[in-house]
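I opened this notebook to record what I looked up in one structure. The entries follow in the order in which I made them.

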Amino acid sequence: MGALAPLAAELASRLPGRVEADAPFGARTTWRVGGNAAVLVRVEDVADLAVLAPALPGSVPRVVLGRGSNVLVADRGFAGVVVVLGAAFEAITVGDDTVTAGGATALPVLARRCAAAGRSGLGFYVGIPGSVGGAVRMNAGGHGRETVEVLVDATVVDLTGTGAPVVRPLPSLGLGYRHSALTDDGLPPGEGAFLACTFWLIDNYLLQRRHAEARTLFDRLLGIRNDVGLLAEEYHPTLGRHVGNFPQAFSHVALVSTALNMQRSERRAAPRRSD
Ligand SMILES: Cc1cc2nc3c(=O)[nH]c(=O)nc-3n(C[C@H](O)[C@H](O)[C@H](O)COP(=O)(O)OP(=O)(O)OC[C@H]3O[C@@H](n4cnc5c(N)ncnc54)[C@H](O)[C@@H]3O)c2cc1C
């Protein structure tokens, strides 16, 4: 941990009052277990992020902590930089058709504010003890809805880059079951989404009778075929193009199988004609 003391001092000189060395980390999670972070930075606004990101050496691990409801910290602690978002990231603006909420906004607070303003659609957040940032990162959901169904876009700051905010449209965020593309999952970078698996997701929607979601995702997949109707092994949601083997038989087998499942399932769900 002490190895990052010089970095903590350097960051403290750039962001006075915002940096703590050897700071409680596990204690900030809902489990309240686990060790300390070598460095903890509390950013108060987007400008702080623009100072912080370029000052972080590439070799130093970094992680954003939301409300800590999906993080388990090792007893030995975290030999890197933990970033927490300050009060400026808790702002909520309720518009006519959309709601804008800062990354640190508590999900139950967001749900209640929307309900009080007469806006429906985010009620499922009321029982999830996370933040908006954590919900985007994890595609949080419950009661039959998840973040991917209500999100329009997210303003994202890459802490390995310049720190400049970038508005990322929903498809580029790669939201799947409790997963997003905003993740360091230990895999080498550059992987796309395996299309056969996305067809299997549609099959699962059908088994749960979530026909509208199945149809929406199926149409999305049909929409990414190339000009002669072929699919690759994977699709990269950020780059917006096919990656991996091309053409890929498994993607097409999955497409045909899912199309049959859709047809059977939609027929079963259709109201019967009375003769
Ligand atoms: C009692 C309990 C009930 C729960 N119920 C549900 C449920 O019904 N549905 C459900 O989906 N989940 C549930 N969860 C899990 C958890 O609440 C969600 O995953 C939530 O989205 C995590 O948000 P958080 O702010 O706590 O994130 P954290 O736990 O702090 O972090 C989780 C991940 O998100 C990243 N992250 C957090 N904030 C940001 C940010 N601003 N920018 C970038 N990355 C960020 C972190 O780096 C980490 O990788 C539950 C957890 C508990 C303890």
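Before reading the sheet, I noted that two strands pair if DSSP finds at least two bridges between them. I also kept in mind that the model is predicted.

I looked up the open sheet of three strands and found the order 11-12-13, with antiparallel pairing. Strand 11 (193-194) and strand 13 (241-243) each have a single partner strand and stand at the edges, so one side of each is left without a neighbour in the sheet. I then examined strand 12 (residues 234-236) and strand 13, which run antiparallel and are joined by three bridges. For Y235, I recorded H242 in strand 13 as the bridge partner.

Entry, ligand. I listed 27 residues around the ligand, of which G66, G130, S131, G133 and G134 are the closest. Strand 3 (62-65), helix 4 (132-138) and strand 7 (141-142) are the elements that give two or more residues to this shell. Helix 4 gives the most, with five residues.

Entry, whole chain. I noted seven helices and 13 strands. Along the principal axes, the C-alpha atoms fill a box of roughly 75 × 50 × 35 Å. Of the 275 residues in the chain, 31% are buried. Among contacts with a separation of 6 or more, I recorded that 54% are between residues 24 or more positions apart.

How values were computed. Residues are numbered from 1 along each chain as its sequence is written. This is a predicted model: local features need pLDDT of at least 70, side-chain atom pairs count only at pLDDT 80 or more; totals for chains, interfaces and linings use all residues. Helices (H or I, at least four residues) and strands (E, at least two) are DSSP runs, numbered from the N terminus. A residue is near a molecule or strand if its C-beta atom, placed from the backbone, lies within 6 Å of it. A residue is buried if 20 or more other C-beta atoms lie within 10 Å of its own, exposed if 12 or fewer, and partly exposed in between; C-beta atoms are placed from the backbone. Two residues are in contact if their C-beta atoms, placed from the backbone, lie within 7 Å.
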